Amino acid sequence: MTDRLPPLHDAHDARGAKFTDFGGWQMPVEFDSIRTEHAAVRESVGVFDVSHMGEVEVSGPDATALMNRLTTNDVRALDPGDSQYAAITNEEGVLLDDTVVYRLPDGTAAGEAAASLADLEDAHDGDLDAPSGDPAYLFVPNAGHDGQMYDRWTAHRDEWDLDATVANATDDWAMLAVQGPDAADALDEATPRDRVVDLSKFEATTAAVAGTESWVARTGYTGEDGFELMCPADDAEAVWDAFVDDREAQPCGLGARDTLRTEMGFLLSGQDFDPENEPRTPYEARIGFVVKLDTEFVGRDALETQKGEGVDEKFVGVRLLERGVPRNGYAVTDGDLTRVGKLTSGTMSPTLDEPIGLGYLHKSFADAGTEVSVVVRGDEKRAEVVIPPFLDR
């Protein structure tokens, strides 16, 4: 796959970032060091370029019906400016992706939000609750999945004869994440006209960030307080500089993003679940809370059956009690060479200074405190099961 470049690629290169391929994108993996960047987010504030995440907009009379049939949560619960975490599953209930769904101001045409946020805000006079047309949504697929999800949404729309417009706006947006205990202060300074720090968790609004009209949500992937900002791609550098240069927020790469999310037990699409290489359902992955069985979504019947029968394996954390670093694919045993599961993620926790991992274990070994072993380079290393998160946040 040809590497896609985020709008800030040249700015990151000039700052000396190290890059990695992620989901078909060339993204910064670190600027200074993973430990430095990780600590900044846990202790003060860091800013990530996450423009590799997709943005798909859905609007029109049947937009709500289409979103509800293709995501496991219930978008009918969302008012304009609200968002929710959801899963996207196939007919067997297997996870294709996880996503955040945003309810945009009603009447927003697909493709409009990124192109004219200022006009959008003016049109609604800052009142996201004002009814003014058909419902509109934006959902965020994981890196490299935007085209797949656009195709899925349009194919099902046509199959079900629904009146909805779907637009893949990934190339129109830049997406930044400002995360950490000082994130609210940093954003407050960058948005003197708007009180975005008053947003509740999973609430979003339009705001001028460093003079650039943006979609701002109190969401994140680190376990800390923080915000995710979407702005027109052409204006990304001004927003980035407002935090990194003007407010000295630590620039962070995907390396720190991975260690931060692992400490919290957050799923990584394509690694902790993958329809081909790691087929898992929301109940196995411990995100059953986003499955609303009173809606008619693709995969609902399979998941209703699984909920009734229970699962054989569960997504848990493990903490090594001996030296060694757990990694994706490492076997987990009962300590006597009998395999009871495997890891899908692992790292040395910078916060705890302990080796930790995530993965799927047989249900009889999935309770907190259960003693297991992780096979590291052929040796069984003693470990104990932890129900994520590893940190109290």
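A naming note before you click: helices (H or I, at least four residues) and strands (E, at least two) are DSSP runs, numbered from the N terminus. This is a predicted model, where local features need pLDDT of at least 70 and side-chain atom pairs count only at pLDDT 80 or more, while totals for chains, interfaces and linings use all residues. Residues are numbered from 1 along each chain as its sequence is written, and side-chain values use heavy atoms, with hydrogens and water left out.

**Stop 1: E228.** Select E228, which lies in strand β12. UniProt, in an unreviewed entry, puts a "binding site" feature here; its positions are given in the numbering used here, feature names are shortened, and annotations may be inferred rather than shown by experiment. E228 counts as buried because its relative accessibility is 9% (buried means under 20% relative accessible area, exposed over 50%, partly exposed in between, with a 1.4 Å probe and protein chains only). Now show its contacts (heavy atoms within 4.5 Å): leaving aside residues up to four places away in sequence, E228 touches Y102, M175, L176, A177, W215, V216, A217, T219 and G220.

**Stop 2: the sheet around it.** Which residue is the bridge partner of A177 in β12? It is E228. Color β9 (173–179) and β12 (226–232) next: the two run antiparallel, joined by seven bridges. Two strands count as paired if DSSP finds at least two bridges between them. Zoom out and you can trace an open, mixed sheet of six strands, ordered β10-β11-β12-β9-β3-β13. The edges are β10 (204–209) and β13 (250–252), each with a single partner strand, so one side of each has no neighbour in the sheet. On average, neighbouring strands here are turned by 30 degrees against each other, direction ignored (axes are lines fitted to C-alpha atoms, for helices over the stretch in contact, and angles run from 0 to 180 degrees between N-to-C directions).

Stop 3: Still in β12, pick M230. M230 has 0% relative accessibility, so this residue counts as buried. Next, highlight V47, V216, L229 and F243, which touch the most other members of the largest nonpolar core, a group of 29 residues (a nonpolar core is a set of buried Ala, Val, Leu, Ile, Met, Phe, Trp, Tyr and Cys residues joined through side-chain atoms within 4.5 Å). Two or more residues each come from β9, α7 (183–190), β10, β12 and α8 (236–244). Another core, of 21 residues, lies apart from it, with V41, F48, V100 and L260 among them.

**Stop 4: α7.** Show the buried residues of this helix: A183, A184, A186, L187 and A190. Look down the axis of α7: they fall within an arc of 160 degrees, so they line one face of the helix (the arc is that of the directions from the helix axis to the C-beta atoms). Those residues pack against β9, β10, β11 (212–217), β12 and α8.

Stop 5: Jump to β5 (83–89), where six of the seven residues are buried. Its antiparallel pairing with β6 (95–104) spans seven bridges, and A87 stands opposite D98 in β6. Five residues separate the two strands of this hairpin; click G93 in the turn for a positive phi of about 80 degrees.
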